[in-house]
Amino acid sequence: MTESGFFASVDDVVDRLAARGYLASAAVATTVFLADRLGRPLLVEGPAGVGKTELARAVSAATGSRLVRLQCYEGVDEARALYEWNHAKQLLRITAGRDEGWEAARADIFTEEFLLARPLLTAITGDEPTVLLVDEVDKADVEVEGLLLEVLGDFQVTVPELGTIVAKRKPFTVLTSNATRDLSDALRRRCLFLHIDFPDAELEQRIVRTKVPGVDEALAASLVRVVGALRAMELRKAPSVAETVDWARTLLALGADTLDDDVVRQSLGVIVKHQDDATRVRDRLNLSEAGR
Ligand SMILES: Nc1ncnc2c1ncn2[C@@H]1O[C@H](COP(=O)(O)OP(=O)(O)O)[C@@H](O)[C@H]1O
Ligand SMILES: [Mg+2]
């Protein structure tokens, strides 16, 4: 089984991700490099909107690999995550071959042709370099972690009727979690761990200017400063990097080149998403309510 071996060095990670619009901190780049070198899955934890999902997308784009995504949700099961038999097709085959008898049909319907591969199986089959993204794993039930351990442990899947399917090439695997529940120790042990928090001001300004090139340095700086102040207020929903970028786009659309009270009042809904948060922010910034 080949390892992915995508990156030559930590700097190589930084450069190639940046070329795809993803600005990695030193901690992110180092951990990505190590996960690639050691052939270990990467578990990325952190608040919503700090670039966890985007990191997997950027690695796939930067390395020209196929991206296979398993989006987790409550109730996702083996049939959705790994594989299931295509019952409709099996039935058709049985009906069509009625004359040859059951034995002939049975020999046929449990072959790969009748198997529906779901993301985990898809990611370990095929020859091309692959990034497997298991997104928001904390939303799945605990049983799914057992499934992941099996697949990520040996990079093989056993289908009782068919045998064991072994990966030819290890996918570069990224699991993300918003930490809404604790993941099992067994799963953590298997992975390299990366916590992504809100970026520091310097990095966030660079992200804003990369995503919204029309915003000048001074405006990007004040925008990031205000967002930082809002995060410190411990709102119900702290603005994430996604909101900072949105806000920059909004200011550009409004033709604003400084962040005065009027502009903030008009565009508050872009960064603050709860009514009580909006009220607190207005009080703190001494803004009157919109339209008054
Ligand atoms: N380091 C970064 N470089 C570039 N863009 C980033 C970065 N971090 C966050 N973003 C932006 O934030 C948005 C939200 O990121 P996303 O990966 O969806 O968040 P998460 O999966 O952590 O909830 C992305 O679309 C991207 O534009
Ligand atoms: Mg995400």
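Predicted model: local features only at pLDDT ≥ 70, side-chain atom pairs only at ≥ 80, totals over all residues.

Student: Okay, where does ligand 1 sit?

Tutor: Ligand 1 is in the largest pocket.

Student: And which residues come nearest to ligand 1?

Tutor: There are 15 residues around ligand 1, and the nearest of them are Leu 23, Gly 49, Lys 52, Thr 53 and Glu 54.

Student: What is the oxygen distance for the Lys 52 side chain?

Tutor: An N or O atom in the Lys 52 side chain is 2.7 Å from an oxygen atom of ligand 1.

Student: How much of ligand 1 does the protein bury?

Tutor: On its own, ligand 1 exposes 570 Å², and the protein buries 83% of that.

Student: What classes of residue make up the shell?

Tutor: Eight are nonpolar, four polar and three charged.

Student: Which helix gives the most to that shell?

Tutor: That's H3, with three residues. Helices H3 (52-62), H10 (201-211) and H12 (241-254) each supply at least two.

Student: Switching topic: what domains does the chain have?

Tutor: The domain assignment gives domain 1 (10-74 + 123-195), domain 2 (83-117) and domain 3 (201-284). Going back to the ligand, domain 1 and domain 3 each put at least three residues into its shell.

Student: What separates the centres of domain 2 and domain 3?

Tutor: Taken over C-alpha atoms, those centres are 57 Å apart.

Key:
Residues numbered from 1 in each chain as written. Chains lettered and ligands numbered in written order. Heavy atoms only, no water. Near = heavy atom within 4 Å. Polar contact = N/O pair within 3.5 Å; in protein donor to acceptor, adjacent residues only side chain to side chain. Areas by Shrake-Rupley, 256 points an atom, 1.4 Å probe, with all protein chains shown as cover. 1 Å grid on protein atoms, 1.4 Å probe; cavity = no way out; pocket = protein on both sides within 12 Å on 5 of 7 lines; lining within 4 Å. Sits in = over half its atoms within 2 Å of the grid points. Helix = DSSP H or I, 4+ residues; strand = E, 2+ residues; numbered from the N terminus. Nonpolar A, V, L, I, M, F, W, Y, C, P; charged D, E, K, R; others polar. Domains from an automatic or database assignment.
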